[in-house]
Amino acid sequence: MSDIIRREEFGDVVVLHILTTSVDAISAAAIAAECQEMRPITVLDFSEVSFINSAGISALLKFVVNARKSGYQLFAMNVTPHHQKIFKMVEMARYMPTIEERDLAAYR
């Protein structure tokens with residue numbers, strides 16, 4: 001298990017709980033590495049994240065676009081309103097919409 005990501009799997013779903021408060025190029029690379037064994041539905045949990053720098057946004061966006069092109073569904077949960085705005089500005093929300101934790105229960 002990574003110090004940056006805790007992986008939780010059930011059926012066709014994997015939830016990647018980001019354990020760091022800051023997403024940068026290094027933690028975004030750790031997220032992408034965890035997704036080498038993706039499930040049809042992948043959820044990134046940002047509940048611990050308070051800061052995402054430009055390198056983190058860039059690395060996340062690249063990962064998200066590539067995963068969607070490969071046919072995976074991606075969702076983000078527990079995203080702060082500020083980061084939701086950023087995700088919309090860079091069109092990441094288009095490829096990785098937000099999901100509420102209560103809605104995720106339908107997949108468990």
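Which residues in helix 1 meet which residues in helix 2? In this predicted model, Ala25, Ala28, Ile31 and Ala32 on the helix 1 side meet Ala55, Gly56, Ala59, Leu60 and Phe63 on the helix 2 side. Divided by class, the contact of helix 1 with helix 2 comprises 8 nonpolar residues and 1 polar residue, with no charged residues.

Two packed helices are described by the angle between their axes and by the distance between those axes. For helix 1 and helix 2, the axes come within 7 Å and cross at roughly 20 degrees; because angles under 35 degrees count as roughly parallel, helix 1 is described as roughly parallel to helix 2. The crossing in which helix 1 passes helix 2 is right-handed.

The elements that give two or more residues to the lining are helix 1 (25-34) and helix 2 (54-69), and helix 2 gives the most, with 6 residues. By class, the lining of the largest pocket divides into 8 nonpolar, 4 polar and 1 charged.

Terms used: Residues are numbered from 1 along each chain as its sequence is written. This is a predicted model: local features need pLDDT of at least 70, side-chain atom pairs count only at pLDDT 80 or more; totals for chains, interfaces and linings use all residues. Side-chain values use heavy atoms; hydrogens and water are left out. Helices (H or I, at least four residues) and strands (E, at least two) are DSSP runs, numbered from the N terminus. Ala, Val, Leu, Ile, Met, Phe, Trp, Tyr, Cys and Pro count as nonpolar, Asp, Glu, Lys and Arg as charged, and the others, Gly among them, as polar. Axes are lines fitted to C-alpha atoms, for helices over the stretch in contact, and angles run from 0 to 180 degrees between N-to-C directions. Angles under 35 degrees count as roughly parallel, over 145 as roughly antiparallel, 65 to 115 as roughly perpendicular and the rest as oblique. A crossing is left-handed if the near helix is turned anticlockwise from the far one by less than a right angle, and right-handed if clockwise. Contact means heavy atoms within 4.5 Å.
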